[in-house]
Amino acid sequence: MSSFDIAEELAVEETLRVGQVIEVSGRIVKVQVDGQKNSTHFTYRGSVIRGVGVGTYLRMLRGPIEIVGRVAGEFITENRDPQAGTGIGRDLRRVLSIEVIGKFDLAGHFVGGAAELPLISNVAYLLPPADAEALFAFVGSDDDAIDLGSLVENEDERLIVSLDRLLASHIGIFGNTGSGKSNTLASILAEVARRYRNSDEFRGHARFLVLDFNGEYVATDARTPIVDDPSLKSDTELGDLNAPQNRVNLPLSALDDAEFWAVLLEATPKTQTPLIRRAIRTRKWLEALSSEPQMRQAVLDLLLEMTRDYNASIERNSPMALLESLQSAFQFVIDPSEFDPFLEFLRSDLVLNTTTQGFYLNTNGQPVWANTPAFETQLRTGLDAVLFPVDALTAVQGFQIRLVMQYHLEIARGYANRDYLAPMMKRLETRIPDIDTVLEFTDDSIDATPFTIVSLKQLSSEMQRVVSVLLVKYAYDRQKTVGKDSGDYLAVVIDEAHNVLSTQSGNESDQWRDYRLSVFENLIKEGRKFGAFVFVSSQRPFDISPTIMSQLQNFFLHRLVNVRDIDAIERLVPYLDRVSFEQIPLLATGTCVVTGLMVERPLVTSIELLPVNLRPISETMRPTRAWGTAS
């Protein structure tokens, strides 16, 4: 049995001694370093430990209380003691500026905060390895832990955090292109996949919806980013007609959701959205789409209303405009020339007499007025030659016809202003083909795999924003329905998030911008209650909505050099100290400041590169590799 040697213990403590507290000002403590403690490394019980410097952690003993601080800076002052001699520690003295970050409790656990402060003359010590490990342990006894990487200030220490405290939070990952932010995001997702890949509960309850603006997370023949098990991940490449999966699912209920169509068509709330609501409520248009004869009758009824009930909003070409709109709507299921004979008949024979304010057909030089049975007979005969194959229409094309019919009905009745509604109807005509190629409506709006990658690379920037908003809106609506009590978890992962979370309007209306942001802001403000969270990754934090930035709880801050981006981080990230903040423009690739609720204090951490097959496809090219041998 070994005996306790107090002399040996005192010698060990003396090895770790740094100096004495000479000033306490709030959380900032100044420690004068002993003259013989300026070495870069020391030997401690057979191990080599780093000497004191900026970023080093010290413990200051105030009786039984071990107060912990981090060296934020150092300077030298003149030593006026005539007995001191010359040199550092003699005519000059080295002083450390230390920020108090917490204390060790009696059980040896680190507790963050500045409830305890040292007193002048208290002694400061380097942390022994055991205390250093406790200082970097951010995991409870019953927590699953994730290893985020090695600490830059002490490569022997690993940053281990609670997986629950990380995943059950809104996460911000920021850094310039090439700084390693994509690898950091992918590393978190890949570690989750690796740990739980064999869990049926994980497969049944976890959903990570990844909005991929650059196609970096979609599998190729050589790479399978994030996971190498196809049963864990589904890749959807929107806009790529050759991709195995090129549509995403939305619920059938979206088709009768005015808000869905208002988003899709960027409808203004006061004039255009009400038209959409009325088109949805008008059951007559749904009945018309049930069969070709009913569609033909609905068109005839609308033409008769236009020509018999004249008002100032009706123009000579109003009937032709209706047919041209229907021609456009049906162009994907029949040859548009099907409409040409009837359109030519109307253009040549239909006349508007502005004096009598009535329409008539000029048949063999004789007027056939709109209020006569012969007029209706001639229109019906012409329409009988036009095909209306409603069974071949997609759900989106069917809604286009419903809105077209409602629009022309309201114009004919003088209920609506053509100038206010025409821009939306133009967007309808151009967007329906695009949206029909990327959305599919089913009873199941969320894919069954834990990881759903939606590549938006092939879409226009306009469609990228629209589709992103729709996907997030319905994924969040579903999550609110099932709720966190069911065990279901939703993480919306947005890489290159400035594409959709920017406060800049560009060529979009202010109403649309506000709605776009409100979808994401509502999710980030209220999602925690329903088990829904947001992971935001971007190289432009300045462009991200301040509301969204202010709600993020954990951060991975890679290298940023733009002044406005750095300013945004300083204003909107509450967990940074001055030392960590000043390192952000100088961080090496793959290194980041980790801060937030999952750790007690900011820590500069090196995130290891994923294996090549799991990495996002985002490496910087090496042009000379393809240029042959240099001469």
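These legends describe close-up views of a predicted model.

**View 1. Helices α13 and α14 pack against each other****.**
Helix α13 covers residues 395–413, and helix α14 covers residues 418–436. Their axes come within 10 Å and cross at roughly 170°. That angle is over 145°, so α13 is roughly antiparallel to α14. The crossing is left-handed. On the α13 side, the residues in contact are Val 396, Gln 397, Gln 400, Leu 403, Val 404, Tyr 407 and Ile 411. They meet a set of residues in α14, including Leu 421, Met 425, Leu 428 and Ile 432. Charged residues of α14 also take part, among them Arg 418, Glu 429 and Asp 436. Across both helices, the contact has 12 nonpolar, two polar and three charged residues.

**View 2. Helix α7 is largely enclosed****.**
This helix runs over residues 272–281. Seven of its 10 residues are buried, so the rest of the structure largely encloses α7. Which residues of α7 are buried? They are Gln 272, Thr 273, Pro 274, Leu 275, Ile 276, Ala 279 and Ile 280. The cover over them includes helices α6 (258–264) and α8 (283–288).

**View 3. Arg 296 is a buried residue of helix α9****.**
Helix α9 spans residues 292–308. Is Arg 296 buried or exposed? Its relative accessibility is 16%, under the 20% cut-off, so Arg 296 counts as buried. A polar atom of the Arg 296 side chain lies 2.6 Å from the backbone oxygen of Val 386. Beyond its neighbours within four places in sequence, Arg 296 is in contact with Leu 383, Asp 384, Val 386, Leu 387 and Phe 388.

**View 4. Glu 78 is an exposed residue of strand β6****.**
Strand β6 runs over residues 65–78. The relative accessible area of Glu 78 is 52%, over the 50% cut-off, so Glu 78 is exposed. How far is Glu 78 from Arg 296? Their C-alpha atoms are separated by 98 Å. Along the chain, the two residues are 218 residues apart.

**View 5. Val 368 is a buried residue of strand β19****.**
Strand β19 spans residues 366–369. Val 368 has a relative accessible area of 14%, so it is buried. Leaving out residues up to four places away in sequence, Val 368 touches Tyr 360, Leu 361, Thr 363, Ala 374, Phe 375 and Gln 378. Leu 576 is 208 residues from Val 368 along the chain. The C-alpha atoms of these two residues are separated by 82 Å.

Technical notes:
Residues are numbered from 1 along each chain as its sequence is written. This is a predicted model: local features need pLDDT of at least 70, side-chain atom pairs count only at pLDDT 80 or more; totals for chains, interfaces and linings use all residues. Side-chain values use heavy atoms; hydrogens and water are left out. Axes are lines fitted to C-alpha atoms, for helices over the stretch in contact, and angles run from 0 to 180 degrees between N-to-C directions. Helices (H or I, at least four residues) and strands (E, at least two) are DSSP runs, numbered from the N terminus. Angles under 35 degrees count as roughly parallel, over 145 as roughly antiparallel, 65 to 115 as roughly perpendicular and the rest as oblique. A crossing is left-handed if the near helix is turned anticlockwise from the far one by less than a right angle, and right-handed if clockwise. Contact means heavy atoms within 4.5 Å. Buried means under 20% relative accessible area, exposed over 50%, partly exposed in between (1.4 Å probe, protein chains only). A polar contact is a pair of N or O atoms within 3.5 Å; within protein, one must be able to donate a hydrogen and the other to accept it, and residues adjacent in sequence count only if both atoms are side-chain atoms.
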